[in-house]
Amino acid sequence: MSASVTLGCVALDCPEPYRLADFYGKLLGWKLDPDSDDEWVTLVNPDGGADISFQRDPDYRPSTWPSNERPQMLHLDFTVEDLDSAHQRTLELGARLLDDKPETFRVYADPDGHPFCLCAC
């Protein structure tokens, strides 16, 4: 008999969980879990899938991707219908463009330096 395993959330370390949750909340249109606190903040997936959580780490150091000095440990991919309009909105929210060479996706760093992609694939 095998145990049932499901993905509950993806957690990102960061120095200020509410600040980073605010960025992703605006990007995705997701709301904060009211049980969040200064150490662990969760954005609730309104579709019932995995949530995104933000864990305070005062010693957090961002990835230096594409350099391997401090490589990324994971990245998030977000599907978009209109890459150009999503790109502009993402920059306005505070992301930094890392790579716009691929035709069907773009790579960004969030305000704390975690790489993520917008994909129109």
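Aspartate 22 is partly exposed, at 39% relative accessibility, where partly exposed lies between buried (under 20% relative accessible area) and exposed (over 50%), with a 1.4 Å probe and protein chains only. The model is predicted, so that local features need pLDDT of at least 70 and side-chain atom pairs count only at pLDDT 80 or more, while totals for chains, interfaces and linings use all residues. Residues are numbered from 1 along each chain as its sequence is written, and side-chain values use heavy atoms, without hydrogens and water.

Aspartate 22 forms a salt bridge with lysine 26 (3.2 Å, N to O); the term denotes a side-chain nitrogen of Lys or Arg within 4 Å of a carboxyl oxygen of Asp or Glu. Both residues belong to helix α1, four residues apart, about one turn of the helix; helices (H or I, at least four residues) and strands (E, at least two) are DSSP runs numbered from the N terminus. Six salt bridges are counted by this rule. A network of them links Glu16, Arg19 and Asp112. Arginine 19 meets glutamate 16 at 3.7 Å, N to O, and aspartate 112 at 2.3 Å, N to O. Because aspartate 112 lies in the loop between β7 (105–109) and β8 (115–119) and arginine 19 in helix α1, this pair ties together parts 93 residues apart in sequence. Aspartate 112 is buried, at 7% relative accessibility, whereas arginine 19 is partly exposed at 35%.

Seven aromatic pairs are present, defined by ring centres of Phe, Tyr or Trp (its six-membered ring) within 6.5 Å, with planes under 30 degrees apart stacked, over 60 edge-to-face and the rest tilted. Phenylalanine 23 and tyrosine 24 pair edge-to-face (4.9 Å centre to centre, 80 degrees between the planes), and both are buried.
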